[in-house]
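Dear colleague,

Please find below the structure that I am handing over to you, together with its sequence. My notes on what was found in it come after.

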Amino acid sequence: MLSTLASGTLISDPRRRTSANGKDYATAALRVACEDSEPIIASLICFDEHAVPALLALTKGDSCAIAGRAKLSNWEKNGEQRHGLAVTVDRVLTAYAAGKARKLARDSEEV
């Protein structure tokens, strides 16, 4: 596994799922731009109790950054080999959350 930090745009609405033991988790797909090639699709799965609601609060087309453990994935579509990442997400960061954190930090400095 490799640790990764990636940012991109969700290409589908995140989906809430429930494991066999009754614990909620979430899945989604993130399009990550690449400098010299086609975007990479990152398949996301999230079990972290803080990251699951953060991911589920987003919708298709939203931008976000994710951090987690990744491994390369390969599949075939229409006879063409495709490559991507399968990421187990530990953290989700959005512009809204970053702005909220900055405001909290500023407010605590003023006290």
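The model is predicted, so local features need pLDDT of at least 70 and side-chain atom pairs count only at pLDDT 80 or more, while totals for chains, interfaces and linings use all residues. Residues are numbered from 1 along each chain as its sequence is written, and side-chain values use heavy atoms, with hydrogens and water left out.

Overall layout

The chain has two helices and six strands; helices (H or I, at least four residues) and strands (E, at least two) are DSSP runs, numbered from the N terminus. Their order from the N terminus is β-β-β-β-α-β-β-α. The C-alpha trace spans about 60 × 40 × 25 Å along its principal axes. Of the 111 residues in the chain, 31% are buried, where buried means under 20% relative accessible area, exposed over 50%, and partly exposed in between (1.4 Å probe, protein chains only). Contact means heavy atoms within 4.5 Å. Among contacts between residues at least 6 apart in sequence, 51% join residues at least 24 apart.

Two strands are taken to pair if DSSP finds at least two bridges between them. E3 pairs with the following strands:

- Strand E1 (residues 2–10) pairs with E3 in the antiparallel sense over two bridges, and Thr-9 has Arg-31 as its bridge partner in E3.
- Strand E2 (residues 15–18) runs antiparallel to E3 and is joined to E3 by four bridges, with Arg-16 opposite Ala-26. E2 and E3 form a hairpin with five residues between them, and Gly-22 in the turn has a positive phi of about 90 degrees.

Thr-27 lies in strand E3 and is buried, with a relative accessible area of 17%. Its side chain makes a polar contact of 3.2 Å with the side chain of Arg-17. A polar contact is a pair of N or O atoms within 3.5 Å; within protein, one must be able to donate a hydrogen and the other to accept it, and residues adjacent in sequence count only if both atoms are side-chain atoms. Not counting residues up to four places away in sequence, Thr-27 touches Pro-14, Arg-15, Arg-17, Leu-44 and Ile-45.

Aromatic pair

The structure holds one aromatic pair. The ring centres of Tyr-25 and Phe-47 are 5.3 Å apart and their planes lie at 35 degrees, so the pair is tilted. Rings of Phe, Tyr and Trp (its six-membered ring) pair if their centres lie within 6.5 Å; planes under 30 degrees apart count as stacked, over 60 as edge-to-face and the rest as tilted. The pair links distant parts of the chain, 22 residues apart: Tyr-25 is in strand E3, and Phe-47 is in the loop between E4 and helix H1 (51–56). Tyr-25 is buried at 17% relative accessibility, whereas Phe-47 is partly exposed at 38%.

Salt bridges

There are two salt bridges, each a side-chain nitrogen of Lys or Arg within 4 Å of a carboxyl oxygen of Asp or Glu. One joins the side chains of Arg-16 and Asp-24 (3.4 Å, N to O); Arg-16 is exposed at 54% relative accessible area, and Asp-24 is partly exposed at 34%. The other joins the side chains of Asp-90 and Arg-69 (3.0 Å, N to O). Asp-90 lies in strand E6 (residues 80–93) and Arg-69 in strand E5 (residues 63–77), so this pair ties together parts that are 21 residues apart in sequence. Asp-90 is partly exposed at 31%, and Arg-69 is partly exposed at 36%.

Nonpolar core

A nonpolar core is a set of buried Ala, Val, Leu, Ile, Met, Phe, Trp, Tyr and Cys residues joined through side-chain atoms within 4.5 Å. The largest has 21 residues, of which Leu-30, Leu-44, Leu-55, Ile-66 and Val-87 touch the most other members. E1, E3, E4, H1, E5 and E6 each give two or more residues to this core. Leaving aside neighbours within four places in sequence, the contacts of Val-87 include Thr-4, Leu-44 and Ile-66. Thr-4 is found in strand E1 and counts as buried at 18% relative accessibility.

With kind regards
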